[in-house]
Amino acid sequence: MAEYTFREVIAQAMSEEMRKDESIFLMGEEVAEYNGAYKASKGMLDEFGPKRVIDTPIAELGFTGISVGAAMNGNRPIVEFMTFNFSLVGIDQIINNAAKIRQMSGGQWNCPIVFRGPTASAGQLGATHSQAFEGWYANCPGLKVIVPSNPYDAKGLLKSAIQDNDPVIFMESEQMYGDKMEIPEEEYYLPIGKADIKRAGTDVTLVSFGKIMKLAIQAAEDMEKEGISVEVIDLRTVRPLDFDTILESVKKTNRLVILEEAWPFGSISSEITYMVQQKAFDYLDAPIKRITTPDAPAPYSAALFAEWFPKLEKVKEEIKKAMYVK
């Protein structure tokens with residue numbers, strides 16, 4: 001075991017797969033000469049050369065379309081968006097081509113692409129750079145959507161995503177690239193579509209994913225000191241979503257709180273809430289609680305942003321409400 005940062009394991013995962021398969025290549029803005037906007041492809045140009053680590057113009061619609069065509073012709077592109085806010089420029093290619101080509105061609109073509117880059121907020125970057133789009137992409141059949149919360153999960157899930165024969169949306173965070181964790185030296189893969197119980201508990205289930213998992217873990221640790229045992233589930237993948245792990249936990253704890261960094265309307269938490277009341281209603285001893293960002297664009301002001309972003313105290317408050325504890 002050795003300690004690596006989130007950005008280092010992203011580069012490791014891509015490089016390990018590229019060494020095995022010459023059809024895999026990386027493209028995006030500043031991924032080559034600059035080693036990646038967040039240094040998540042550091043050293044890859046030197047190892048693989050400019051034909052497999054490709055700097056693109058600032059033209060997401062263009063290079064996203066190129067990746068779809070390349071995938072249909074036997075390649076396995078990895079496309080880095082500097083942020084998923086910029087993926088909106090190329091979203092037509094993702095939704096109308098990458099996600100649908102297998103079905104529309106009657107299975108004649110598949111589209112093995114990984115679209116990766118940061119999602120959600122990263123502090124004072126303004127409303128147009130602070131949007132969580134995992135719910136948007138998870139809403140589209142044909143796409144798989146992965147949102148890891150730590151370096152270990154990120155490496156194993158990214159390697160699985162690169163080997164997958166369907167288009168995968170792989171969402172990171174600018175605020176996680178410096179996070180460090182011990183990573184096995186031996187190769188490993190993690191299954192897409194399987195949630196992970198980060199902390200076992202008996203009183204209430206807390207579900208989350210992505211960088212805000214740190215808040216969930218801290219809330220669970222704080223609640224333990226107050227005599228409330230919180231089971232924390234990291235979804236890791238939001239499409240396909242591992243409902244079975246959530247349902248089994250709720251049947252044990254009889255209470256559910258969901259935490260996500262997204263707007264509330266039509267969110268991942270909305271879908272989880274529906275599925276739990278549909279399949280485990282009789283096990284619930286309290287209404288399902290959820291914590292999201294407000295239904296408004298992210299503010300730029302530091303003071304306003306601090307109010308907009310979900311707070312630790314709010315998470316603990318909702319856990320107590322689910323427990324009918326003041």
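**Charge pairs and cysteines in a predicted model**

Glu16 has a relative accessible area of 19%, so Glu16 counts as buried. The model is predicted.

Visitor: Which side chain meets that of Glu16 in a salt bridge?
Guide: Glu16 lies in helix H1 (residues 6–20), and its partner lies in helix H7 (residues 151–163), 139 residues apart. The N to O distance is 2.8 Å, and the residue is Lys155.

Visitor: By what distance along helix H1 are Lys20 and Glu17 separated?
Guide: Their side chains meet in a salt bridge, with N to O at 3.4 Å. Lys20 is partly exposed at 46% relative accessibility, whereas Glu17 is buried at 2%. The two are 3 residues apart in helix H1, so the separation is about one helical turn.

Visitor: Is Asp242 buried or exposed?
Guide: Asp242 forms a salt bridge with Lys194, the closest N and O atoms being 3.7 Å apart. Lys194 is partly exposed, at 40% relative accessible area. For Asp242 the relative accessible area is 7%, and buried means under 20%, so Asp242 is buried.

Visitor: How many disulfides does a search of the whole structure find?
Guide: A disulfide needs two cysteine sulfur atoms within 2.5 Å. The cysteine sulfur closest to that of Cys111 is in Cys140, 12 Å away, which is too far for a bond. Cys111 is buried at 1% relative accessibility, and Cys140 is buried at 7%. The number of disulfides found in the whole structure is 0.

Key: Residues numbered from 1 in each chain as written. Predicted model: local features only at pLDDT ≥ 70, side-chain atom pairs only at ≥ 80, totals over all residues. Heavy atoms only, no water. Buried < 20%, exposed > 50% of the residue type's maximum accessible area, 1.4 Å probe, protein only. Salt bridge = Lys/Arg side-chain N within 4 Å of Asp/Glu carboxyl O. Helix = DSSP H or I, 4+ residues; strand = E, 2+ residues; numbered from the N terminus.
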